[in-house]
Amino acid sequence: MSYGKQIPYSKDTNIVFEDFSLTYLGNEFYQHPTASISSNTQTFLAKSKDNTETKIKVVSGQLPPQPQNFFISEKGFTLYTFKGPGGTRLEPGHLLIEMNNEIKPAQDEQKIIPLKPKK
């Protein structure tokens, strides 16, 4: 698929981009038991060609879903599910991915190095 275009998505459907694939895993609805507050969390899984995975959570409730930045395949991207760049409303059930060179890995992100057993 191309970056910068609206793409329909549905649960468990794998969308393949040049640098990674994206799968919509589903949503969770939360209703606060005593207040009239609710939220909806959509979860996506981005998987690089070398099988590195990143989960992306898009939360909405009192506010509409905001664009989510993520870093995979040593590149930055932005996932839009409500409004695209410039405020254009996306079709329901559609998403848009843009490359975003401003996105860098988190400062506290570290690679896990397995410990060697003591002899």
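Predicted model: local features only at pLDDT ≥ 70, side-chain atom pairs only at ≥ 80, totals over all residues.
**Entry 1: Ser21**

I found Ser21 in strand 3, which covers residues 20-31. Which residues does Ser21 touch, if those up to four places away in sequence are not counted? I noted Asn14, Ile15 and Val16, and also Leu45, Ala46 and Lys47. With one of these, Asn14, the side chain of Ser21 makes a polar contact of 3.4 Å.

**Entry 2: salt bridges**

How many salt bridges does the structure hold? I counted 2, and I wrote down both partners of each.

In one of them Asp19 is paired with Lys75, and the closest N and O atoms are 2.8 Å apart. I located Asp19 in the loop between strand 2 (14-16) and strand 3, and Lys75 in strand 7 (residues 75-80), so this pair ties together parts that are 56 residues apart in sequence. Asp19 is buried, because its relative accessible area is 10%, whereas Lys75, at 31% relative accessibility, counts as partly exposed.

In the other, Lys47 is paired with Glu53, with 3.7 Å between the closest N and O atoms. Lys47 counts as partly exposed at 32% relative accessibility, and Glu53 counts as partly exposed at 47%.

**Entry 3: the nonpolar core**

Next I turned to the largest nonpolar core, which has 17 residues. The members that touch the most other members are Phe20, Leu22, Phe44, Phe70, Leu79, Leu95 and Ile97. Which strands each supply at least two residues of this core? I listed strand 3, strand 4 (38-48), strand 5 (53-60), strand 6 (68-72), strand 7 and strand 8 (94-99). Strand 3 gives the most, with 3 residues.

I then followed Phe70 on its own, leaving aside its neighbours within four places in sequence, and found that its contacts include Phe20, Leu79 and Ile97. Also on the list for Phe70 are Ala46, Ile56, Gly76, Thr78 and Ile103, as well as Lys75, the residue that forms a salt bridge with Asp19.

**Entry 4: strands and their partners**

Strand 6 and strand 7 pair in the antiparallel sense, and I noted 5 bridges between them. Their hairpin has 2 residues between the strands, and in it Ser73 takes a positive phi near 55°.

On from strand 7, I found that 4 bridges join it to strand 8, again with the two strands running antiparallel. Here Thr78 stands opposite Glu98 in strand 8. Tracing the open sheet of 4 strands, I wrote its order as 1-8-7-6, with antiparallel pairing. Which are the edge strands? They are strand 1 (7-8) and strand 6, each of which pairs on one side only.

**Entry 5: Lys104**

Last, I looked up Lys104, which has its place in the segment after strand 8. Is Lys104 buried or exposed? Its relative accessible area is 58%, so I recorded Lys104 as exposed. The C-alpha atoms of Lys104 and Gly76 are separated by 6.3 Å, although these residues are 28 residues apart along the chain.

Definitions and conventions
Residues numbered from 1 in each chain as written. Heavy atoms only, no water. Polar contact = N/O pair within 3.5 Å; in protein donor to acceptor, adjacent residues only side chain to side chain. Contact = heavy atoms within 4.5 Å. Salt bridge = Lys/Arg side-chain N within 4 Å of Asp/Glu carboxyl O. Buried < 20%, exposed > 50% of the residue type's maximum accessible area, 1.4 Å probe, protein only. Core = buried A, V, L, I, M, F, W, Y, C linked by side-chain atoms within 4.5 Å. Pairing = 2+ DSSP bridges.
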